[in-house]
Amino acid sequence: MYKETEITKTFEHDAFLEEVLKQKNTPKSQGKRIAIIGEPGAGKTTLLQQIAEWVSREIHQSIVIWVSLADLREKELKSYLFESWLTQVAEKTGKAEVTKQLKDDFAALFKQNNVWLLLDGLDEMSASNPLTEIARQFRDVGLIYQARIVLTCRVNLWDGSINALDNFDIYRTLDFSYPEQVERFIRKRFAVIPETGKALCTALKEPGKERIQDLVKNPLRLTLLCLNWQSGDGKLPDTQAGLYQQFVDDFYKWKKEEFATNYNQRQQLNVKLGELAKAAIDKEATRFRLRQDFVNQFLGDVDDENSLLKLALNRGWLNCVGIDRNRKPVYAFFHASFQEYFAAKAIDDWHFFLNHVPKNPNQGTYRIFEPQWKQTILLWLGREEENLKEQKQQFINALVNFKDGCGKYKIFTGKGFYEYRAYFLAATGIAEFRDYFRANEIVRQIVKWTINDPSLITEEARSALQQTDRTKAIAALVQLLESTNVVPHTRREVAESLGTIDPGNKIAIAALVQLLQSNNKYIHSRAVESLGKIGTGNEIAIAALVQLLKSNDVDNDIRTRVENDYIREQAAKSLGQIGTGNDFAITTLIQVLQPKYLYYSTRILAASSLGKIDPGNKIAIAAMVQLLQSTREYLSTRILAAKSLGEIDSGNKIAIALLLQVLQLNDDEYNYKSERDLAVESLGKIGTGNEIVIAALVQLLQSNDVHNFTRREAAESLGQIGTGNEIAIAALVQLLHSSDVDNFTRRKAAESLGQIGTGNKIAIAALVQLLESANVDKSTRGEAALSLGKIGTDNKFAIAVLMQLLQSINVNKYTRRQAASSLGKILENNQACLKKVVKALSGSWQLYPEVYDVIWKCAQNMPYPDFYKAWRDTHNIFTNSLKLVINILKKIFVIIISGLQLIFLIVVFLIQNLKIILFTRRI
């Protein structure tokens with residue numbers, strides 16, 4: 001992913017369907033809420049279609065409902081389901097109308113958990129922030145949330161917005177790897193004419209084609225490239241825009257016999273399609289679903305045989321995708337990426353994207369900060385017309401030098417919030433416009449920001465680094481990596497960034513392997529961790545990790561021995577991330593299960609990794625069963641073995657039985673981490689949806705014979721496995737109001753309610769009551785506010801409390817950081833709410849670093865003119881107050897100076913008179 005989100009597991013197609021959908025083995029929602037994200041053309045809709053077919057076939061009594069979210073328009077999901085969709089069902093079954101009984105029967109299916117909602121194209125909804133809007137509809141209609149929900153969304157919307165769907169499990173349709181999967185696809189596509197496929201693979205490897213290599217990792221673009229190559233002149237363009245221009249030309253060739261057109265017709269149609277696309281993207285209500293009246297303004301009437309609309313439909317540029325409430329057609333482009341390309345072709349002046357009016361942004365234009373325009377901007381920068389070169393230089397200059405007038409993210413060394421956003425867009429833009437004269441300078445600056453202390457700005461810089469000119473980014477990182485002045489910690493971060501941009505990069509992996517020789521155990525362990533992120537399938541990386549695992553050095557120093565054991569654990573874990581299908585890695589992990597000189601947790605992690613890189617490995621499962629049943633092992637070892645077994649063999653009855661048995665043990669005295677606590681924690685990892693496990697944990701919560709620490713562990717585990725479970729929610733609510741628990745335990749109960757109580761009225765009421773209570777500490781109130789923001793319908797209590805915590809001088813740094821994090825998560829894209837936050841915090845943002853991230857999130861989700869006004873209003877109040885104070889101080893200063901002058905004159909007068917008196921006496 002562009003953002004450095006850790007990929008914890010990759011799935012083949014059938015394994016995804018079986019494990020995620022059928023076995024419900026997901027970390028957040030237990031298979032109930034799945035988000036499939038990806039780039040345009042990455043196969044999201046295709047995968048959702050396959051899921052629809054598979055669920056209908058494999059899941060007994062399932063009712064699958066497909067909803068194209070762009071078709072909702074002004075309707076809400078509930079109205080669409082219980083009116084439009086149900087009406088169609090009634091008509092197909094021969095019923096004249098939707099009766100109350102039919103609606104009741106339909107609602108009953110939701111309550112029985114039989115309904116699957118497959119929601120396609122969240123990014124195409126008519127809303128300023130579709131994520132927030134759909135989340136609100138989910139919350140408002142608890143019935144809908146009882147369905148199994150699988151939705152698709154473009155990655156830029158999912159990552160670029162305040163994500164109100166943070167309780168969804170996220171899966172990304174990965175692009176093909178280059179060259180392995182891309183070339184395999186090409187060979188299959190040209191199986192009948194292998195020389196043509198071989199020529200395409202060779203052309204992609206030519207110097208300067210790195211951008212095209214990246215682009216055709218996308219399945220749709222690779223398919224179109226193969227069609228283009230077969231009928232083209234054997235040349236590849238250098239930019240994304242050039243690639244799409246070839247695709248456009250091909251569209252006219254494919255149907256030239258059926259629908260002949262001349263050059264002038266094609267040019268006229270392209271121009272009008274561009275005007276239509278540009279106007280549609282600019283209007284929220286018509287962005288991807290184009291009503292007939294709107295289309296007619298640009299292309300004429302479909303009833304006219306000679307109209308451009310008729311030509312566009314015949315050529316396939318537009319397709320009828322439905323009808324509106326007035327029974328008129330609704331159209332859509334062949335694919336959203338072509339709509340963005342046509343829009344880019346229709347823009348002749350860069351000021352369309354940015355017309356900065358520094359002291360009055362309301363009079364300016366700031367499409368550079370609107371996510372729906374990003375792809376069009378990149379396509380515009382990639383246009384190859386010579387007369388646009390100077391304009392593109394000016395545009396990148398304007399982005400690099402943009403001044404937002406809202407203060408700096410970091411007081412002395414940073415930029416303004418929107419200045420960073422503009423700079424990151426410039427960094428992405430030079431991937432398409434590589435002739436920009438300061439391109440190397442931009443890349444070097446982005447690299448510097450990626451190795452600073454962790455912050456949201458650093459994360460965004462890493463994201464930009466992966467989207468900028470790949471060749472320049474690799475060169476800058478390699479130069480930094482080969483420098484002798486780089487400290488080991490920075491070297492590891494640079495190597496990891498290099499490996500992320502250029503997977504399998506030999507220089508990056510060699511640098512990390514070299515760091516394994518370091519005497520600094522911290523650097524050593526972090527290098528092992530980094531190899532697990534970037535060394536997938538790399539023989540050198542796998543060999544280095546294997547060597548670490550096999551080492552049996554014995555040291556008398558206990559601390560050194562513990563450190564070495566920890567590094568071996570990390571090696572086992574990393575091997576499980578990069579060694580899939582590697583026989584050498586599998587054999588080594590099997591061997592590690594046997595030796596007794598290795599620490600027990602290393603053996604357990606080895607078994608877990610073995611289960612990941614060789615799913616269903618019987619040796620790993622048998623080893624864990626043997627370990628958890630052994631009477632010679634410590635009970636804590638057997639508990640961890642049970643947890644590992646449950647992870648590699650979902651729902652393993654032997655593992656769950658052992659853990660449930662441990663719950664019956666009594667603790668003689670308070671122990672920070674007793675065996676029972678370990679068992680409770682482990683059940684929270686592997687007991688998803690298991691009614692017996694949930695009942696056992698609830699019983700622990702209600703028992704008077706357990707410590708608060710154990711209650712906290714039980715509450716946390718229920719928050720992981722008890723989604724939507726009424727018994728679990730009731731037990732947590734009871735714990736929330738119990739008088740014999742401490743604030744820490746109450747806080748944990750509130751947190752867990754936020755994970756499993758979505759839409760539950762009892763949970764919402766309990767959290768509101770806790771917020772209004774005067775008997776809880778600020779940290780507990782902040783946690784309650786965060787949870788209410790996740791599951792409630794109104795966040796005003798949460799936002800008010802969190803802002804109060806942020807601004808208070810009576811809270812510690814940890815609590816303030818938690819409040820900032822919570823506020824950032826629960827902020828809805830309600831402009832009035834965001835403005836209120838900016839106004840409240842802009843006066844104190846220089847005092848606490850924790851406030852930076854909250855304002856940064858606001859800046860990412862507010863139009864620049866609105867942010868500017870909110871910021872400057874507070875600034876002006878502050879400035880005016882400061883001026884008033886200064887004026888008062890000036891007056892006081894003048895009075896003091898005047899008084900001093902008077903005193904000075906009096907003293908001079910006295911001295912002079914004293915001289916006269918003395919002189920008189922002398923005479």
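**View 1. Arg327, an exposed residue in a loop between two strands.** Arg327 has a relative accessible area of 67%, and is therefore exposed (exposed means over 50% relative accessible area, buried under 20%, and partly exposed in between, with a 1.4 Å probe and protein chains only). The loop that holds Arg327 runs between strand S7 (318-323) and strand S8 (329-333). Helices (H or I, at least four residues) and strands (E, at least two) are DSSP runs, numbered from the N terminus. Phi of Arg327 is near 65°, a positive value in a residue other than glycine. The model is predicted: local features need pLDDT of at least 70 and side-chain atom pairs count only at pLDDT 80 or more, while totals for chains, interfaces and linings use all residues. Residues are numbered from 1 along each chain as its sequence is written, and side-chain values use heavy atoms, with hydrogens and water left out.

**View 2. Asn113, a residue other than glycine with positive phi.** The phi angle of Asn113 is near 60°. Asn113 sits in the loop between helix H4 (100-111) and strand S3 (115-120). With a relative accessible area of 45%, Asn113 is partly exposed.

**View 3. The cis peptide bond from Tyr178 to Pro179.** Omega of this bond is near 5°. Pro179 belongs to the loop between strand S5 (169-172) and helix H7 (180-189).

**View 4. Helix H16 (residues 374-381) and its buried residues.** Six of the eight residues of H16 are buried, so the helix is largely enclosed by the rest of the structure. The buried residues are Thr376, Ile377, Leu378, Leu379, Trp380 and Leu381. Thr376 has a relative accessible area of 0%. Leaving aside neighbours within four places in sequence, Thr376 is in contact (heavy atoms within 4.5 Å) with Ile281, Glu340, Ala343, Ala344 and Ile347.

**View 5. Leu697 in helix H33 (residues 691-702).** Leu697 counts as buried, at 0% relative accessibility. When neighbours within four places in sequence are set aside, the contacts of Leu697 are Val680, Ala714, Ser717, Leu718 and Ile721. Leu697 and Glu716 are 19 residues apart in sequence, and their C-alpha atoms are 9.9 Å apart in space.

**View 6. Phe744 in helix H36 (residues 743-756).** The relative accessible area of Phe744 is 44%, so Phe744 is partly exposed. Phe744 and Asp777 are separated by 33 residues in sequence and by 9.5 Å in space, C-alpha to C-alpha.

**View 7. The second largest cavity and its lining.** Rolling a probe the size of a water molecule over the atoms shows where empty space is left. On a 1 Å grid over the protein atoms alone, a cavity is a set of points where a 1.4 Å probe fits but cannot get out, and lining residues have an atom within 4 Å of a point. Grid points are joined across faces, edges and corners, and a volume is the space filled by probe spheres set on the points. Three cavities of 30 Å³ or more are found in a search of the whole structure. The second largest cavity holds about 60 Å³ of space. Its lining consists of Glu210, Arg211, Asp214, Ala431, Arg434, Thr468, Asp469, Arg470 and Thr471. Helix H9 (210-215) and helix H21 (470-481) are the elements that give two or more residues to this lining. H9 supplies the largest share, three residues. By class, the lining has one nonpolar, two polar and six charged residues (Ala, Val, Leu, Ile, Met, Phe, Trp, Tyr, Cys and Pro count as nonpolar, Asp, Glu, Lys and Arg as charged, and the others, Gly among them, as polar).

View 8. A search of the whole structure finds zero disulfides, a disulfide being a pair of cysteine sulfur atoms within 2.5 Å. Cys226 is in no disulfide, and the nearest cysteine sulfur, that of Cys201, is 8.5 Å away.

**View 9. The protein chain as a whole, for orientation.** The chain has 43 helices and 10 strands. Of its 923 residues, 53% count as buried. Among contacts with a separation of 6 or more, 68% join residues 24 or more positions apart.

Definitions and conventions. On a 1 Å grid over the protein atoms alone, a cavity is a set of points where a 1.4 Å probe fits but cannot get out, and a pocket is an open set with protein on both sides within 12 Å along at least five of seven lines; lining residues have an atom within 4 Å of a point.
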